[in-house]
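Welcome! Try each task before reading its solution.

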Amino acid sequence: MMRRLMQDADRIFIACGATDFRKQIPGLVALVNIQFKLDPYQGNHVFIFCNKKKDSIKVLRYDSNGFILATKKLLDELKFRWPRTPEEVKEISFRQVEWLLQGLEIEQKKAHHRVKTNKENTCF
């Protein structure tokens, strides 16, 4: 379900550090707009927030006439591997979102990187 909210997004942002989860749509929209200086009304942008315990995330997205706010709460004392830098926003890829939802770090040093090929840089 969370993946579908983010799959066709042009840009995905995560709010590093902990976010106060008492905030609902108006508070998160204000956070995106005022603190991160981004436009929350871009329908192709997704914003992800994590709580202090790192066991829950909220995903915010504008949908032509209103906002969608989805929450995922992990069970069995599982935790998200969330960047700790407070008061910062970071742009990530859909691939990094998948890692995050699987409980992995968003920076996978051993993951294969994407290779762009064309007829000029191949030997075939």
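**Exercise 1.** Work out whether Leu69 counts as buried, partly exposed or exposed.

*Solution.* Start with the cut-offs: buried means under 20% relative accessible area, exposed over 50%, and partly exposed in between (1.4 Å probe, protein chains only). Leu69 has 23% relative accessibility, so it counts as partly exposed. Keep in mind that this is a predicted model, where local features need pLDDT of at least 70, side-chain atom pairs count only at pLDDT 80 or more, and totals for chains, interfaces and linings use all residues. Residues are numbered from 1 along each chain as its sequence is written, and side-chain values use heavy atoms, with hydrogens and water left out.

**Exercise 2.** List what Leu69 touches, leaving out residues up to four places away in sequence.

*Solution.* A contact means heavy atoms within 4.5 Å. By that rule, Leu69 touches Gln24, Ile25, Leu28, Lys58, Val59 and Leu60. Take Ile25: 44 residues separate it from Leu69 in sequence, yet their C-alpha atoms are 6.8 Å apart.

**Exercise 3.** What share of the residues in the protein chain is buried?

*Solution.* The protein chain has 124 residues, and 36% of them are buried.
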